[in-house]
Every structure is written in structure tokens, then in C-alpha cells.
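Q: I have a model open on my screen and would like to learn how to read it. Could you walk me through it?

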Amino acid sequence: MGAAPSCRPICSSGSPRSTTRCSPARRRPLATPWCVARCTLVPKGSGTTRLPRSARHGRPRGELVRAVFDAHSTEDLPGTPVRAEGEPSTGDPAADEAYDGLGATHALFLDAFDRDSIDDSGLPLEATVHFGNAYDNAFWDGSRMVFGDGDGQVFERFTRSLSVIGHELSHGVVQYSTNFVYEGQSGALNESVADVFGVLVEQYASRQSSDEASWLIGVGLFTDEVEGDAIRSMSDPGSAYDDDVLGKDPQPGHMRDYIDTVEDNGGVHLNSGIPNKAFHLAATGIGGFAWERAGRIWYHALTEGSLTATATFSEFAAQTITSAQTVFGVESPERSAVVAAWDGVGVAVEAAEEGVAPIDTAS
Ligand SMILES: [Zn+2]
């Protein structure tokens, strides 16, 4: 069991130790990097600005409808509209990156998984940029993506990373499928699934194979001042950054290093490194484009209806093996790769290993 770091700034004024560790040239960030890209869930059916179903009907399936808003450095949502679907570039990089990122995410889910937007019913996609004053985070608020500008000393604006945009919207996909409870292992699965589809958005947009991909979440978010490549690494959890102000990336990549903590909703951004690494192992074990097979297996597991909102790593692992068997067959190399992947991160999958899944729809 690893230590339980705090989901708070590592440096704080008033502590002599912190004063010496913090560079005077760099202000402490409002959020530690591993807390970035959080999910702020609202109770189901309340507080969302979702359009009623009738308002979405009448449009062709798969039609993309985006809207970007500007909060003008306030925390008022959604802010003022700045770019609707089909409108030209605004000239504001944050608004245009958000617009393009919404489109790239929609494209992955539609093209690779035949999913019609976040809710599979054509939900219009909304984003708000310039949220708060030098706000050091991005989040899904239950109905839209919200992006801060960063403090400019540790974090750049959060729309710079396509994987983070994909991550936020994928929290929406989770909300409309398993709705994993945002605490403990189910919360870490919520975070991990958002990372999985976040990197797939980036890989699909660049048509990168699993061998070519960086497997990093949030490239481009750190300023040049920071010693780090990104906020998380799926191929090598715990290696994304190692910085005198931020500390070292604390993510584990194996169950032997699982972090028991009450911080961060029970380590949802920490222990997500374990299922993240499992996906990386499955995708690279299978080879090719990750969205075509490993991604399809994870998507099937998420949406086929068996997983509960409080699923554990082991239950999720078992479902991915069942899904691999359902989609590709019991003797398939895809199923073998998924079994090996969970074994590689120390997650036990007893039920699935006993071969409980019927072979009914192999294709
Ligand atoms: Zn998140």
C-alpha cells in the first residue's frame, strides 16, 4: 500500500519547508496535477441543462451539434454563447480548441462505437471556456465541459489537450451508461474509463496505432517551468511528472501499490492508474488501432448493461473479458490479451477465468 498524498497544493505559504521547496518564480497551482480533469457529477435527472428528448428528435442520427460559451473569467455557467455549430472560428484559441475537441470526441464515439453523442440520443455538446480567474482545472459538470485558463505558471489553458477534452466528455458517457459512483474503486473506474476514451479521441484524431501513441493524458497543459510531460501516463503510471513544486506523479500501476486513502474520493485519480495500465497492456498486446479492438471491448463492457454503479476493479475486469469473448470469441487473441492485461496489473478475475460467458454473438 502506498502513501496517501493530499489532493491539495503541495506548497503552501506559511510552512518553512514549503517555502524552501517552492520556487519563488512559480505560484503554487490550485490543484495538484493528478486531481486535474475531475468529474463533478449531479444527481441523475436533476440540475442538467439537457434538452428534452423531443427537442432532439427530428435530426438525423449522428448529427453533430456544438455550442461553446465564454464565462469571461467568472464562475457563472454557461456564460455567453461565442460559437454555435457551423459558425466560423472565433479567433479565441480556447473557444476554437473546445469546438474542435467536441467534434473530435463526437467523431470517435460515432465512427468507432456507433454512439450518437454522449447519451447515444444526439445530445448537443456544450463547453464553457475562460471559467474562473486563472482556474487550474477542467471538469464535466453533469451537462457540459468547463475549462479554466490555468495560472500560466504551472498550467496553460486546459483546452490545449485533446485527451483532456475527450476525458471530460467521456465522463458524460459514463454518466449515461454505468454511472460509476465517484468514490473508491468505482470512482477510479470512472476516472480510468474517461482516460481510456480520452486518449482514444486523441489517437483516433491522429490515426495513431497503439505503438505510436504517447499514452499520456494532458500533454501541453504544463508550462515550460514544470518538469513533466503530462498529468498522467497510462503506459507507465507514476512517471508523468517529477517536479520540485508539484512533487512526483503518485499514480500506481499495479494492485500491490494500491493506495488506501480518504483523500480524492478514495483515490479516484490515483488508483485509476491500475485499470489505465490494464487498458494499455490490452491495447498494445492486441496491436493496431486501439479504438478498433481494445476500445471496442472496453466500450462494450461499459454499455452492455451488466456492470453496477459500484463495480470493483475485479468485476470490471471480468466484464471486459466477457465482452472480449462476446465480441471476438472465446479463443480469440483479443480475449487472451485482455486476460493477460489484468494479470499484468495484479487484478484477480476469477469469475471470468472460469469461462462463464456464453459464446453467442462472436463477430
Ligand atoms: Zn476526470
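This is a predicted model: local features need pLDDT of at least 70, side-chain atom pairs count only at pLDDT 80 or more; totals for chains, interfaces and linings use all residues.

Q: Let me start with two helices: in which hand of crossing does H3 pass H4?

A: The crossing of H3 past H4 is right-handed. For a helix pair, read the angle and the axis distance together: H3 and H4 (residues 162–175) pack at about 60°, and their axes are 9 Å apart. That angle makes H3 oblique to H4.

Q: Which residues of H3 and H4 meet?

A: An α-helix has 3.6 residues a turn, so residues three or four places apart point the same way. In this pair, H3 brings Ala98, Gly101, Ala104 and Thr105, and H4 brings Leu162, Ile165, Gly166 and Leu169. By type, the residues of this contact divide into 5 nonpolar, 3 polar and no charged.

Q: What does the packing of H9 against H10 look like?

A: Read it the same way. H9 and H10 pack at about 170°, with their axes 8 Å apart. Angles over 145 degrees count as roughly antiparallel, and H9 and H10 are therefore roughly antiparallel to each other. On the H9 side the contact is made by Ala317, Thr320, Ile321, Ala324, Gln325 and Phe328, and on the H10 side by Glu334, Arg335, Val338, Val339 and Trp342. These residues divide into 7 nonpolar, 2 polar and 2 charged.

Q: Why is helix H8 described as largely enclosed?

A: Count its buried residues. In H8 (residues 294–303), 7 of the 10 residues are buried, so the rest of the structure largely encloses this helix. The buried ones are Ala294, Gly295, Ile297, Trp298, Tyr299, Ala301 and Leu302.

Q: Which helices do the buried residues of H8 pack against?

A: There are several partners: H3 (93–113), H5 (184–206), H7 (273–286), H9 (313–328) and H10 (333–344).

Q: Now for strands. How many residues of E2 are buried?

A: In a strand, check both faces. For E2 (residues 66–70), 5 of its 5 residues are buried. Arg66, Val68 and Asp70 point one way, while Ala67 and Phe69 point the other way.

Q: Which strands does E2 pair with, and in what sense?

A: Look at the bridges and the strand directions. E2 pairs with E4 (residues 125–131) in the parallel sense over 5 bridges, and Arg66 stands opposite Leu125 there. E2 and E3 (residues 80–84) run antiparallel and are joined by 4 bridges; in E3, Ala84 is the bridge partner of Ala67.

Q: Can we zoom in on one residue? Why does Val129 count as buried?

A: Count its neighbours. Val129 is found in strand E4. The cut-off for buried is 20 or more other C-beta atoms within 10 Å, and Val129 counts as buried because it has 30 C-beta neighbours inside 10 Å.

Q: Which residues does Val129 touch, beyond those up to four places away in sequence?

A: They are Val68, Asp70, Ala94, Ala95, Ala98, Phe147 and Thr159. Compare sequence and space as well: Val129 and Ala71 are 58 residues apart in sequence, yet their C-alpha atoms are 6.2 Å apart.

Q: And how many helices and strands does the protein chain have?

A: The protein chain has 11 helices and 10 strands. Of its 363 residues, 54% are buried. Among contacts between residues at least 6 apart in sequence, 63% join residues at least 24 apart.

How values were computed: Residues are numbered from 1 along each chain as its sequence is written. A residue is buried if 20 or more other C-beta atoms lie within 10 Å of its own, exposed if 12 or fewer, and partly exposed in between; C-beta atoms are placed from the backbone. Two residues are in contact if their C-beta atoms, placed from the backbone, lie within 7 Å. Two strands pair if DSSP finds at least two bridges between them. Axes are lines fitted to C-alpha atoms, for helices over the stretch in contact, and angles run from 0 to 180 degrees between N-to-C directions. Angles under 35 degrees count as roughly parallel, over 145 as roughly antiparallel, 65 to 115 as roughly perpendicular and the rest as oblique. Ala, Val, Leu, Ile, Met, Phe, Trp, Tyr, Cys and Pro count as nonpolar, Asp, Glu, Lys and Arg as charged, and the others, Gly among them, as polar. A crossing is left-handed if the near helix is turned anticlockwise from the far one by less than a right angle, and right-handed if clockwise.
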